[in-house]
Amino acid sequence: MLNSYPQAHQPERGNAPVWLDLLDPNEDERKRAAELLGAELPTRKQIGSIALSNRVRISEQMLRINVPGFVRADGGQGALTPLGILLTPTLLVTLRYADSLAFDRLTKDVAKDTTAGSSVDAFVNLFESVSETAADRMQALSDELSQLSRQVFSDRTGHSNMLRGVLFQVGRIQRQLTQVRAAMLGVQRALAHMCEDAPHWIERAQVARLHVAHTDLQALAEFDQQLDDKVQFVLDATLGFINNDQNDTIKVLTIASVVTIPPMILAGIWGMNFKSIGEYDWPHGYAFAWTMIVLSMLLPLAWFRWKKWF
């Protein structure tokens with residue numbers, strides 16, 4: 001898919017685009033974008049390279065940025081997909097292979113005609129959108145973790161059955177945090193390089209906005225560490241409660257097995273077919289046997305209760 005956005009408030013440019021957004025493009029769309037850009041577009045393999053030397057390249061009239069892991073494909077369940085950015089003084093080209101909340105936010109702003117009218121402004125707005133989206137997603141995940149924490153440490157009915165579901169929720173949150181972390185890391189490295197060595201055709205005010213976005217991402221990285229610790233805490237607490245429930249079950253089974261051993265021994269003894277067993281001739285032998293069996297069960301239970309084992 002190729003989306004073209006013309007320059008705002010510049011009718012003299014006609015329909016000339018200021019931003020080309022390619023979402024999993026086919027070969028024809030790549031050729032059209034390359035013609036408008038005046039340069040070849042990188043392949044998905046080149047964009048996804050993890051080599052640091054391939055992340056940012058600055059020439060006289062073009063800036064190339066590659067983010068190897070940006071968003072997950074297949075609705076957040078697949079592998080991380082890369083993001084490629086090519087910027088000239090007149091045109092911004094973005095290459096991506098999955099839907100992104102940051103791009104959705106930016107395209108909505110474009111539709112409302114709230115963005116500036118140059119390719120560099122669109123480039124700066126993109127990084128600001130990434131920063132704002134990352135902050136929103138991390139805040140939402142933090143709220144979810146707080147809710148899960150309250151559920152884990154609650155004492156309501158069905159608490160044990162709820163713990164299994166909490167494990168799935170923690171896993172989902174961890175996957176989303178990994179996605180946000182990977183995107184922020186790639187963008188943060190690109191911004192750091194940009195802030196130090198920006199092309200001359202990017203104005204100081206625009207570089208200052210990039211500095212702010214970079215600072216925001218650094219703050220989010222610290223917040224991400226706190227969220228990671230919180231995820232680990234909720235996970236440990238959930239596993240701890242599950243272990244406690246299992247220990248309680250084992251305790252009940254252990255008490256039941258210990259309590260039933262004495263009556264089984266007595267029943268086994270009195271069930272022998274020896275004529276010399278004196279209790280057989282007692283007038284109240286049957287009642288005596290039942291009394292001993294019941295007492296042999298109650299006495300261990302009383303001892304366990306005194307020890308506060310249940």
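Asp24 sits in the loop that links strand 2 to helix 1 (27-37). Its phi is positive, about 45°, although Asp24 is not a glycine. Most residues other than glycine have a negative phi. The model is a predicted one. Seven helices and six strands make up its elements. The radius of gyration is 34 Å, well over the 19 Å that the globule rule gives for 310 residues, so the protein is more spread out than a compact globule.

**Overall layout**

- Starting at the N terminus, the order of elements is β-β-α-α-β-β-β-β-α-α-α-α-α.
- The C-alpha trace spans about 120 × 35 × 35 Å along the principal axes of the protein.
- Take the contacts between residues at least 6 apart in sequence: 64% of them join residues at least 24 apart.

**Surface and charge**

- Of the 310 residues, 40% are buried.
- The protein exposes about 17800 Å². Carbon and sulfur atoms supply 57% of that area.
- There are 30 positive side chains and 34 negative ones. The centres of these two sets lie 6 Å apart.

**Nonpolar cores**

- The largest nonpolar core holds 56 residues. Ile65, Phe70 and Phe123 touch the most other members.
- Three strands are listed as each giving at least two residues to this core: strand 2 (17-23), strand 4 (63-72) and strand 5 (80-87).
- Helix 3 (101-111), helix 4 (119-152), helix 5 (159-196) and helix 6 (204-270) also each give at least two.
- Helix 5 supplies the largest share of the core, with 14 residues.
- Another core, of 15 residues, lies apart from the largest one. Among its members are Leu22, Leu37, Ala39 and Ile47.

**Contacts of Ile65**

- Neighbours within four places in sequence are left aside here. Ile65 then contacts Arg55, Val56, Leu83, Gly84 and Ile85, among others.
- The contacts of Ile65 also include Phe123, Phe127, Ala190 and Met194.

- Ser131 belongs to helix 4. Its relative accessible area is 6%, under the 20% cut-off, so Ser131 counts as buried.
- Beyond residues up to four places away in sequence, Ser131 touches Ala213, Asp216, Leu217 and Leu220.
- Leu185 is found in helix 5. This leucine is partly exposed, at 42% relative accessible area.
- Leu185 and Val67 are 118 residues apart along the chain, and their C-alpha atoms are separated by 8.7 Å.

**The N-terminal part**

- Asp24 has 48% relative accessibility and counts as partly exposed.
- Glu29 is placed in helix 1. With a relative accessible area of 18%, Glu29 is buried.
- Glu29 touches Met1, Leu2 and Leu22, not counting residues up to four places away in sequence.
- Glu29 and Ile269 are 240 residues apart in sequence. In space, their C-alpha atoms are 90 Å apart.

How values were computed
Residues numbered from 1 in each chain as written. Predicted model: local features only at pLDDT ≥ 70, side-chain atom pairs only at ≥ 80, totals over all residues. Heavy atoms only, no water. Helix = DSSP H or I, 4+ residues; strand = E, 2+ residues; numbered from the N terminus. Rg over C-alpha atoms; globule rule 2.2 N^0.38 Å. Buried < 20%, exposed > 50% of the residue type's maximum accessible area, 1.4 Å probe, protein only. Contact = heavy atoms within 4.5 Å. Areas by Shrake-Rupley, 256 points an atom, 1.4 Å probe, with all protein chains shown as cover. Lys, Arg positive; Asp, Glu negative; His and termini not counted. Charge placed at Lys NZ, Arg CZ, Asp CG, Glu CD. Core = buried A, V, L, I, M, F, W, Y, C linked by side-chain atoms within 4.5 Å.
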